[in-house]
Amino acid sequence: GVSVAAVFVISLLVVGKFVQLAMEPTFEIQPRLTVVGPAPFKSFSIICFAFVCHDTAYLIFNTLREPTSEAWDATARYGLMAAVGICMLLSIPGYLTFGADTKSNILTNYPIDDPLVIACRCIYIVVMTLVYPMSFFVCRHIVNAVVWRGDSHQPIQSISTARFHGLTAAIFATTVGITLVVRDLGVVMSLTGSL
C-alpha cells in the first residue's frame, strides 16, 4: 500500500509541477528531443532496472488466489502495462520540464527547499526502507546458492546459524559501504540494470 501511494504522490508532484510551470508566461517546453543521447547503454540499463521484478516473481505468484499460468499471465501483463504507464506519466512531463537537464532521479531536479518535494523525498525514503528487507531476503538466498553450490549447497532454511549471520553481516556491510561511497542513485540503477 505505501509503495503504491508513493508512486501516485510522486506522479502527482511531477505532473503538477509541469502544469504549474507551463502556466507561467515565460515557460518554454524544451523543444529538443534526444532519441539517442551520449550514454545510451546507461539509459537502457536504468530502464531495465525500472522493470526488474524477477526477484519477487515467485513470491507474487504464491500470493495469487489461484496460482495458475493464466492468472500469472494476466498479473504480469497488467503489471507491466501499469509500469509502462507510470513510467510515461513521470518521464514525459519530467522531460518536457527539464529537457536534456533531466537527472536520473527526477526529484533532484526540483528545488531542495520546496515543501512538496521534501515530502516526496521523505515518502521515497520510507518506500526504500520498506523494500530493503525483501531485496535483502532474495540477495541472501542468491549469495548462498552461488557461493555454496554443488554438493555443499543447502537451502537457506537449512544452513547453520553462523553461516546465516555471516551472510547477513557481509551483505549488510557491502550495501552500507556502497551507500556511503556512491552519492548518485543513477549510477547504482544503471549498474544494476546492466547486470
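Q: At the start of α5, which residue has a side-chain oxygen that reaches to within 2.9 Å of the backbone nitrogen of Leu-116?

A: The residue is Asp-114, at the start of α5. This is a predicted model, in which local features need pLDDT of at least 70, side-chain atom pairs count only at pLDDT 80 or more, and totals for chains, interfaces and linings use all residues. Residues are numbered from 1 along each chain as its sequence is written, and side-chain values use heavy atoms, with hydrogens and water left out.

Q: Where is Asp-114 placed, and why does Asp-114 count as buried or exposed?

A: Buried means under 20% relative accessible area, exposed over 50%, and partly exposed in between (1.4 Å probe, protein chains only). Asp-114 lies in the loop between α4 and α5. Asp-114 counts as buried because its relative accessibility is 13%.

Q: Which side chain does Asp-114 meet in a salt bridge?

A: Side chains of opposite charge can pair when their charged atoms come close. The criterion for a salt bridge is a side-chain nitrogen of Lys or Arg within 4 Å of a carboxyl oxygen of Asp or Glu. Here the partner of Asp-114 is Lys-17, at 2.3 Å from N to O. This pair links distant parts of the chain, with Lys-17 in helix α1 (residues 2–22) and Asp-114 in the loop between α4 (69–98) and α5 (115–147), 97 residues apart. Both Lys-17 and Asp-114 are buried. The structure holds 1 salt bridge.

Q: How many helices and strands does the chain have?

A: Helices (H or I, at least four residues) and strands (E, at least two) are DSSP runs, numbered from the N terminus. The chain has 7 helices and 0 strands, and buried residues make up 19% of its 195 residues.

Q: What separates the C-alpha atoms of Ile-10 and Ala-119?

A: The separation is 9.3 Å, although Ile-10 and Ala-119 are 109 residues apart along the chain. Ile-10 is in helix α1, and counts as buried because its relative accessibility is 11%. Val-14 is also in helix α1. At 0% relative accessibility, Val-14 counts as buried.

Q: What does α5 reach from its first C-alpha to its last, and where does α5 bend?

A: The expected span of a helix is 1.5 Å times one less than its number of residues. With 33 residues, α5 reaches 46 Å, close to the 48 Å expected at 1.5 Å a residue. The bend at a residue is the angle between axes fitted to the seven residues ending there and the seven starting there. In α5 the bend is about 30° at Tyr-132, and a proline, Pro-133, follows within four residues. The buried residues of α5 are Val-117, Cys-120, Val-127, Phe-136, Val-138, Arg-140 and Asn-144.

Q: Which residues make the nonpolar surface patch of about 630 Å²?

A: Patches are made of residues with over 30% relative accessible area and no salt bridge; like charges are joined within 9 Å, nonpolar side chains (Val, Leu, Ile, Met, Phe, Trp, Tyr) within 5 Å. Areas come from the Shrake-Rupley method with a 1.4 Å probe; for residues, only the protein chains shown count as cover. This patch is made by Tyr-132, Phe-172, Val-176, Ile-178, Leu-180, Val-181 and Val-182. Helix α6 (residues 161–181) gives the most to the patch, with 5 residues. Val-181 is found in helix α6, and counts as exposed because its relative accessibility is 66%.

Definitions and conventions: A polar contact is a pair of N or O atoms within 3.5 Å; within protein, one must be able to donate a hydrogen and the other to accept it, and residues adjacent in sequence count only if both atoms are side-chain atoms.
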